[in-house]
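Me: I would like to learn how to read a few local features in a structure. Please take them one at a time.

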Amino acid sequence: MPVILLTASGGLCDRVAGLDAGADGHLIRAFTREELDARILAPSHRKPQSNAGAVQCGKIRYDRIGRMLQTSGQDVPLNRKKLAAFQY
């Protein structure tokens, strides 16, 4: 699952550390909604969508079909905007 860091730290060391830690992108405050949307969609342009019904990373599990997020087996309620971020 792609990870984009949203921070107030714009220093080169901070950006490199985030990318070295596994992030796919880094946005510095104040970014625009259009740039955030473009960065969320960018990975889907490079990789084909998985047909898997669920994606798991550590204790976090996202059921694509049921559109449900869980952490440590507990449901996490998400509003429509937050849920949309998991669809990519």
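Me: Leaving aside neighbours within four places in sequence, which residues is His26 in contact with?

Reply: Contact means heavy atoms within 4.5 Å. By that test His26 touches Ile4, Leu5, Thr7, Ser9, Asp14, Arg15 and Arg39. This is a predicted model, where local features need pLDDT of at least 70 and side-chain atom pairs count only at pLDDT 80 or more, while totals for chains, interfaces and linings use all residues. Residues are numbered from 1 along each chain as its sequence is written, and side-chain values use heavy atoms, with hydrogens and water left out.

Me: Is His26 buried or exposed?

Reply: Buried means under 20% relative accessible area, exposed over 50%, and partly exposed in between (1.4 Å probe, protein chains only). His26 is buried because its relative accessibility is 12%. The residue lies in strand 2 (residues 25-28); strands (E, at least two residues) are DSSP runs, numbered from the N terminus.

Me: What joins the side chains of His26 and Thr7?

Reply: A polar contact is a pair of N or O atoms within 3.5 Å; within protein, one must be able to donate a hydrogen and the other to accept it, and residues adjacent in sequence count only if both atoms are side-chain atoms. For His26 and Thr7 the polar contact is 3.2 Å.

Me: How many disulfides does a search of the whole structure find?

Reply: A disulfide is a covalent bond between the sulfur atoms of two cysteines. The cut-off is a pair of cysteine sulfur atoms within 2.5 Å. The search finds zero. Cys13 is exposed at 66% relative accessibility, and Cys57 is exposed at 58%.

Conventions: Helices (H or I, at least four residues) and strands (E, at least two) are DSSP runs, numbered from the N terminus.
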